[in-house]
Amino acid sequence: MDITINKLEQKTYVVLDGRVDSTNADQFQKDVAPLMEGENLDIDIDCTNMTYTSSQGLRVFLLLQKSLMSRNGKMVLRNMNPRVKEVFDITGFSNIITIV
């Protein structure tokens with residue numbers, strides 16, 4: 001998995017590429033940890049090239065969402081492929097995370 005994080009004014013843009021699974025979920029969490037405490041409370045995550053997420057990846061998304069909600073921020077996941085979206089739907093994550 002590759003992750004790119006860019007901040008532009010009051011918004012943070014994240015681009016995910018590849019699989020988020022047990023081999024890299026810890027690194028994913030380390031990469032987004034500054035966003036869990038940062039000043040930018042508006043996070044846009046482009047999932048166009050994210051091909052898979054495991055339960056460990058879902059946990060990181062949930063941690064980020066909870067952190068932002070506690071500070072009145074918001075996170076949006078965009079351009080998710082149908083197979084990955086199905087995982088979010090089955091687990092109920094699409095009810096607590098905005099996916100467009």
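What you see is a predicted model, in which local features need pLDDT of at least 70 and side-chain atom pairs count only at pLDDT 80 or more, while totals for chains, interfaces and linings use all residues. Residues are numbered from 1 along each chain as its sequence is written, and side-chain values use heavy atoms, with hydrogens and water left out.

Let me start with the strands, where helices (H or I, at least four residues) and strands (E, at least two) are DSSP runs numbered from the N terminus, and where two strands pair if DSSP finds at least two bridges between them. Strand β2, residues 11-20, runs parallel to strand β3, residues 42-53, and nine bridges join them; valine 14, for instance, has isoleucine 45 in β3 as its bridge partner. Between β2 and β3 the chain passes through helix α1, residues 25-37, in a right-handed β-α-β crossover, right-handed meaning that, with the strands pointing away from the viewer, the path from the first strand over the helix to the second runs clockwise.

On to the next strand: β3 is also joined by five bridges to strand β4, residues 74-78, again in parallel, with aspartate 44 opposite valine 76 in β4. Helix α2, residues 55-70, together with β3 and β4, makes a right-handed β-α-β unit.

Which residues of α2 are buried? They are Gly57, Leu58, Val60, Phe61, Leu64, Gln65, Ser67 and Leu68, where buried means under 20% relative accessible area, exposed over 50%, and partly exposed in between, with a 1.4 Å probe and protein chains only. The elements that cover these buried residues include β2, α1, β3, β4 and α3, by contacts, that is, heavy atoms within 4.5 Å.

As for the two helices, α1 and α2 pack at an angle of about 10° with their axes 10 Å apart, which makes them roughly parallel, a term for angles under 35 degrees. The axes are lines fitted to C-alpha atoms, for helices over the stretch in contact, and angles run from 0 to 180 degrees between N-to-C directions. Among the residues that meet there are Phe28 and Val32 in α1, and Val60 and Leu64 in α2.

Finally, tyrosine 13 lies in strand β2 and is partly exposed, with a relative accessible area of 32%. Leaving aside neighbours within four places in sequence, tyrosine 13 contacts Thr4, Ile5, Asn6, Leu8 and Asp44.

Technical notes. Parallel < 35°, antiparallel > 145°, perpendicular 65-115°, else oblique.
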